[in-house]
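Biologist: Can you walk me through this one? Keep it simple, please.

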Protein chains: 2
Amino acid sequence: MQKLIKELIQKNNSKIILVILDGLGGLPIEGKTELEVADKPNIDSLAKKSACGLHIPVAMGVTPGSGPGHLSLFGYDPIEWQIGRGVLEALGLGIELKKTDVAIRANYATMENGIVKDRRAGRIPTEESRKITEMLQKKINRIDNVDVILAPGMEHRFAIVLRFPKPLPSGSASIRDTDPQKEGKPPLSVLPENSSARKVAKVVEKLIKLISENIKGQEKANFILLRGFSQVPDIPCFEEVYGLSALCIATYPMYRGLAKLIGMDAPPISGETNEEIEFLKRNYERYDFFFLHIKKVDSYGEDGNFMGKASKISEFDKVLPDILNLNPAVLIITGDHSTPSLLKSHSWHPVPVLLKSPYVLGNTCNAFTEKECLKGELGIFPTVNLMTLALANSSRLKKFGA
Amino acid sequence: MQKLIKELIQKNNSKIILVILDGLGGLPIEGKTELEVADKPNIDSLAKKSACGLHIPVAMGVTPGSGPGHLSLFGYDPIEWQIGRGVLEALGLGIELKKTDVAIRANYATMENGIVKDRRAGRIPTEESRKITEMLQKKINRIDNVDVILAPGMEHRFAIVLRFPKPLPSGSASIRDTDPQKEGKPPLSVLPENSSARKVAKVVEKLIKLISENIKGQEKANFILLRGFSQVPDIPCFEEVYGLSALCIATYPMYRGLAKLIGMDAPPISGETNEEIEFLKRNYERYDFFFLHIKKVDSYGEDGNFMGKASKISEFDKVLPDILNLNPAVLIITGDHSTPSLLKSHSWHPVPVLLKSPYVLGNTCNAFTEKECLKGELGIFPTVNLMTLALANSSRLKKFGA
């Protein structure tokens, strides 16, 4: 589909803003969903004039992680383009990945007589874990001709990036996890799953040995277990596919990392929604497409904090007029997946969406809620089609066939 | 999908009428769409009793040309079956194409010292252009063993068909456009894009030379530029796939040409909707399936004539009782794409559809409009599935599996 779209692209000066309220969709508690209790007069009024609907990030019943959720929003089939766990972990810890990298999720573990006694090293405090990782990085930064980058994470977690001098053939990161997944077993050996992974596996073996030697004296974190060996996917560049120069506005490193993977500009910014909006305004003339990511809606959902999630939606409502004042050709407000407070986790439920443009029917929904969006002109559709709609509504697609 | 359907076909004596109001769907101007302002008591009353919905011709956000729009209605995947520009142009100018043909879109152009000065020869008047084309046809009707057919078009445009003695291998028309797309450049050479196109390219070179010699004295139209070299696709025959003998009733040559490509009978007829209905009645006993094409709805939409488009819908409403009197097993009223007067062009918006049959829920819509169809029992679905629904509702499909 992206191939077809690429052939139909025509450029113009229109602007597209995609606002992602992370984890937007919800489920009722005491009869109402978070969207139904949120105070959001501006969003509701916009929904009435917009094309509304619900979208399905991966497939009916499938709960997406943040990676697939966002790739789908950007028009990449999330089943075709799977981002490895190691890559997502490294991106989330703020490492900028290159095409020559292999990324790995790592755990500190407690080993006793060759047996894994605690896979999480007693969930050692983040500060303690960070000190160990920083000590290791000082001692180990290169194996043969491979740069080694270590990034501290939460508690026992950290990420490892092996930066090779040249891009590796695909399949080079097909290495079995060394984590035995159960206590009382020895760690698994570093097993390349095909011949092109042998080169990476040898470096990994040396790395495990080096790290073990340096931490064997620690009380708890005296060994490491590795999972999710992965390469950066050879994914088409967003601007090449859509002809849109794109800016990612996100305070969390993982979303910036994802955006960078597809070639968006994603400078680090910090602060709350207000700071993000200021950043959008300052950069508005410089790009065609803006991905504005608002994280906290999801965070409260994951905590099961129903009113907290609703209040974050209300908070966004207050800045919506600032975005509307920019008068983009297309403004989309949606989420990357649902995170019902009831479930305290991501879920499979379709995500409400509104699309503002001059070329919509409008007047099908009375508010921006899950139930009202069901009445909308967009119906229930695959998330991966949303970018095509954005392009069409900004007059950036030629007719297909004569 | 067509392969599966073919296996399930069972024949009977039922009749299916597919009415295409070309460019049917619209967008609101001052709050209402063309369908919402049209006076159409008969269609609205039928919609109440029918299965309604909206269909998407190619993909969400993709604006279909007439070719893909109609192929999709006939159950052919419009991405799999792409009809070349040259073929569509030739069909539109009334040439009947054979499997041995290569069709080309041609422009008269003004050349000066080997440079294209005007790609459209000053948009010379249609009558002048026609005279030149007719003069050329008299002088050139054969190159080697290839028949040359020229068809005059509007202004600087015409079509060329090269009729080879035997069918050509596929890929034989893969020849680069000679139109440089910009003034101030020389025309591009005739470049075959693969080895099987060499044979055709040689004939094309000779043809350009012959035509140039004959028109070099013209003031404006002294050269030709060629685009859209294409072969007739080897597309399955409608009757073979569906077991339906089919009649196309259309006043515009392109739609008859498209219908003929898939083996429908499509005799030339002229006149307005009334003449088309009379033609339908006269031929009603002779066929199973009737594709009744009403062009003017689209034409007014393309002109941005909102009330004109609405009046053409109202006009159709008046003849609907005549169609209903024939009592077909299935009557479908829809369009091949939307043409909102607001956009003055084809658009990507889903197309309203009603399907009358004894086997529907009904009573979900109060009128035949975009918004009412959103409430319909067919939902929003790919156009390519419509034929299967028509077959099912006329009891022409067996059960799949035991």
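Modeller: Six residues of domain 1 of chain A are in contact with six residues of domain 2 of chain A. In contact means that their C-beta atoms, placed from the backbone, lie within 7 Å. Note that this is a predicted model: local features need pLDDT of at least 70, side-chain atom pairs count only at pLDDT 80 or more, and totals for chains, interfaces and linings use all residues. Residues are numbered from 1 along each chain as its sequence is written, while chains are lettered from A and ligands numbered from 1 in the order in which they are written.

Biologist: Which element gives the largest share of the domain 1 side that touches domain 2 in chain A?

Modeller: Helix α9 of chain A, residues 253–261, with five residues. Helices (H or I, at least four residues) and strands (E, at least two) are DSSP runs, numbered from the N terminus.

Biologist: And what classes are on that side of domain 1 of chain A?

Modeller: Three nonpolar, two polar and one charged. Nonpolar covers Ala, Val, Leu, Ile, Met, Phe, Trp, Tyr, Cys and Pro; charged covers Asp, Glu, Lys and Arg; the others, Gly among them, are polar.

Biologist: Where do the domains of chain A run?

Modeller: Domain 1 is 2–82 + 235–393, and domain 2 is 87–231. The bounds come from an automatic or database domain assignment. Their C-alpha centres lie 34 Å apart in chain A.

Biologist: New topic. What is the strand order in the seven-stranded sheet of chain A?

Modeller: β9-β10-β1-β11-β12-β2-β13, an open sheet with mixed pairing. Two strands pair if DSSP finds at least two bridges between them. The edges are β9 (246–249) and β13 (379–382) of chain A, each pairing on one side only.

Biologist: How many bridges join β2 and β13 in chain A?

Modeller: Four, and the two strands run parallel. In that pair, I56(A) stands opposite P382(A) of β13(A).

Biologist: Over to chain B. Are the residues of β9(B) buried or exposed?

Modeller: Buried, on both faces. A246(B) and C248(B) cover one side, L247(B) and I249(B) the other. Buried means 20 or more other C-beta atoms within 10 Å of a residue's own; exposed means 12 or fewer, and partly exposed is in between, with C-beta atoms placed from the backbone.

Biologist: What does I249(B) partner with in β10(B)?

Modeller: L292(B) is its bridge partner. β9(B) and β10(B) pair in the parallel sense over four bridges.

Biologist: Last one. What share of chain A is buried?

Modeller: Buried residues make up 53% of its 402 residues.

Key
Contact = placed C-beta atoms within 7 Å.
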